[in-house]
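Reader: Please take one part of this model and look at it closely. Then place it in its surroundings.

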Amino acid sequence: MIEILKLGWHTTIQDLGRLGSQSFGVPISGAMDLNAFQWANKLLNNNSSAACLEMTSKGPELKFHEPSFIALTGAIMPAFLNSKTVKMYKPIEVKKGDVLKFSSVTLGCRTYLAILGGFQSEKVLGSRSQYKGVTQEDRIVKENLLLFNRNAFTPKGAGVKTITTDYKDVNLKVYQGPEYHLLNSHSQNEFKTKQFTISPSNNRMGYRLNEKILQQLPEIWTAPTLPGTVQLTPDGTLIILMRDAQVTGGYPRILQLSDNALNLLAQKSTKDVVKFDLITPQE
Amino acid sequence: MHPRVILLEWEQDPSPETLKELIHFKANILKYSMGVSQITQGYCSLLVQWKEDIINYSDTKKDLIALYSNLNINSTSAKTKHWTLPVCYEGEFALDLEHLSSELKLSKDTIIELHSKTIYTVCFIGFLPGFLYLDGLDSKLFFPRKKNPRLVIPKGAVAIGGKQTGIYPNESPGGWHIIGNTPISLFNTKNETPCFATSGDTLSFYAVDEAEYQKIRCIKNPKAYLTKVK
């Protein structure tokens with residue numbers, strides 16, 4: 001088990017999410033950057049759905065009460081094991097009594113911490129992903145210990161991996177959304193040429209963008225949405241829905257992010273700039 | 001759209017017939033289509049999501065069309081249930097009832113009567129875990145949402161917003177006018193299915209006083225207060 005000595009900025013337990021409960025109105029949730037999440041588990045030869053910590057901006061201070069192996073992926077967040085720098089994208093052996101600390105991210109937004117065998121927190125509707133109203137807590141809290149399977153095998157054949165995603169890339173590959181055709185050519189052109197800035201209102205539910213689209217579209221009959229759906233609100237604000245977003249919405253759905261774009265956006269934060277790169281639709 | 005999803009849309013005009021088609025088509029896709037991971041429902045659409053990217057889009061589309069043309073919405077396969085939900089329309093549970101009463105120029109009792117005599121249809125669940133989109137609110141009770149939403153609406157709040165009425169399954173921000181509260185949980189992950197109602201079911205409300213409300217709240221299995229199978 002792991003004791004939380006100090007909380008960081010915002011840390012949650014995440015796995016692949018809660019697919020299949022959307023007909024009860026339950027968000028999918030799961031790791032914001034699924035690419036980095038999956039690398040963290042791969043480095044330890046974990047099951048692909050093993051739960052990890054998702055640490056936003058600055059991770060917590062953790063004390064290990066049992067030995068294990070961990071791996072760090074995603075945003076560059078300097079990490080120190082007993083004050084010694086440890087490398088990301090590489091299995092790290094931790095001993096009983098070791099203390100792991102982080103400083104603030106220098107590139108990206110979310111870092112993943114995988115542990116051998118995965119974290120063993122409560123599983124609700126098939127997932128350990130923390131979400132308000134579904135799991136007991138919506139983030140890790142100091143009073144709770146983080147449990148893991150101490151009998152998991154030592155990682156075999158796990159290798160070092162260099163980071164594959166360029167977090168400085170501003171281009172988000174997107175598909176047309178169901179209401180894209182309602183936009184006039186001027187607005188469509190704005191999406192193709194304009195740069196957009198991420199507003200301070202960005203979290204696991206959604207990212208609002210600063211620049212507005214002038215064309216006003218009527219609301220639609222409440223319809224399904226997905227993580228990565230770009231909504232246009234009546235005042236012209238764009239909201240990109242993220243993993244914890246509600247499963248239906250009444251705003252026109254202009255664009256749909258590709259998987260890679262959604263993972264890339266999860267590594268961006270306030271004031272970062274993005275551009276939409278429209279993929280020609282199939283058929 | 002995303003290569004893993006297909007959006008199926010009906011005419012943008014919700015009706016009981018459309019709802020029937022949505023429910024039957026959804027059930028049939030889940031039954032007969034391979035590799036579907038989930039289907040999300042709206043008023044006039046279904047979003048079908050596959051586990052992997054759709055490789056042969058035109059074949060998948062043909063299969064769906066064939067499935068749709070064989071749809072029999074009068075089949076008895078889908079059993080719907082009727083639920084009666086106790087609501088306390090009194091005191092601090094009915095935060096906006098007074099205001100609504102003066103704005104709509106209807107007495108509080110009339111509002112309660114109009115609200116509870118209707119049989120509502122559960123169209124689908126969305127917005128929040130366990131939030132039922134209900135159809136059937138009496139047009140005399142239509143009232144625009146608040147311009148400034150409340151930061152906290154209590155769990156169980158029964159409210160009116162625009163042409164809709166709904167129950168807040170959990171504490172959340174919201175812009176609807178609160179007229180009462182139900183002691184029954186709309187979303188509980190400890191139950192076999194986290195939400196008792198499902199798309200196509202019907203629901204009505206009945207008024208209880210505060211003592212009755214507290215009594216029901218303390219009951220471990222309040223389903224007896226709830227079910228009335230059609």
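Author: Helices (H or I, at least four residues) and strands (E, at least two) are DSSP runs, numbered from the N terminus. Two residues are in contact if their C-beta atoms, placed from the backbone, lie within 7 Å. The model is predicted: local features need pLDDT of at least 70, side-chain atom pairs count only at pLDDT 80 or more, and totals for chains, interfaces and linings use all residues. Residues are numbered from 1 along each chain as its sequence is written, while chains are lettered from A and ligands numbered from 1 in the order in which they are written.

The close look goes to helix α1 of chain B, residues 16-32. An α-helix has 3.6 residues a turn, so residues three or four places apart point the same way.

Chain B holds five helices and 13 strands. Its C-alpha atoms fill a box of roughly 60 × 40 × 35 Å along the principal axes. Of its 230 residues, 36% count as buried. Among its contacts with a separation of 6 or more, 65% join residues 24 or more positions apart.

Next, the contact with chain A. Chain B puts 29 residues into it, chain A 24. On the chain B side, β1 (5-9), β2 (36-41), β3 (45-50) and α2 (57-69) each supply at least two residues. β2(B) gives the most, with four residues. By class, this side of chain B has 16 nonpolar, 13 polar and no charged residues. Nonpolar covers Ala, Val, Leu, Ile, Met, Phe, Trp, Tyr, Cys and Pro; charged covers Asp, Glu, Lys and Arg; the others, Gly among them, are polar.

In chain A, 16 residues of domain 1 are in contact with 13 residues of domain 2. On the domain 1 side, α1 (34-43), β5 (68-76) and β10 (107-115) of chain A each supply at least two residues. The largest share, three residues, comes from β10(A). That side divides into six nonpolar, eight polar and two charged residues.

β10(A) also belongs to an open sheet of five strands, in the order β2-β3-β10-β5-β8 of chain A, with antiparallel pairing. Strands pair if DSSP finds at least two bridges between them. β2 (10-14) and β8 (92-94) of chain A stand at the edges with a single partner strand each, so one side of each lacks a neighbour in the sheet. Six bridges join β5(A) to β10(A). There, A:Thr73 has A:Tyr112 in β10(A) as its bridge partner.

Last, β13(A), residues 206-209. β12 (196-202) of chain A pairs with β13(A) in the antiparallel sense over two bridges. The two form a hairpin with three residues between them. A:Tyr207 in β13(A) stands opposite A:Asn202. Three bridges join β13(A) to β16 (238-241) of chain A, again antiparallel. Here A:Tyr207 stands opposite A:Ile240.

Technical notes:
The expected span of a helix is 1.5 Å times one less than its number of residues. A residue is buried if 20 or more other C-beta atoms lie within 10 Å of its own, exposed if 12 or fewer, and partly exposed in between; C-beta atoms are placed from the backbone.
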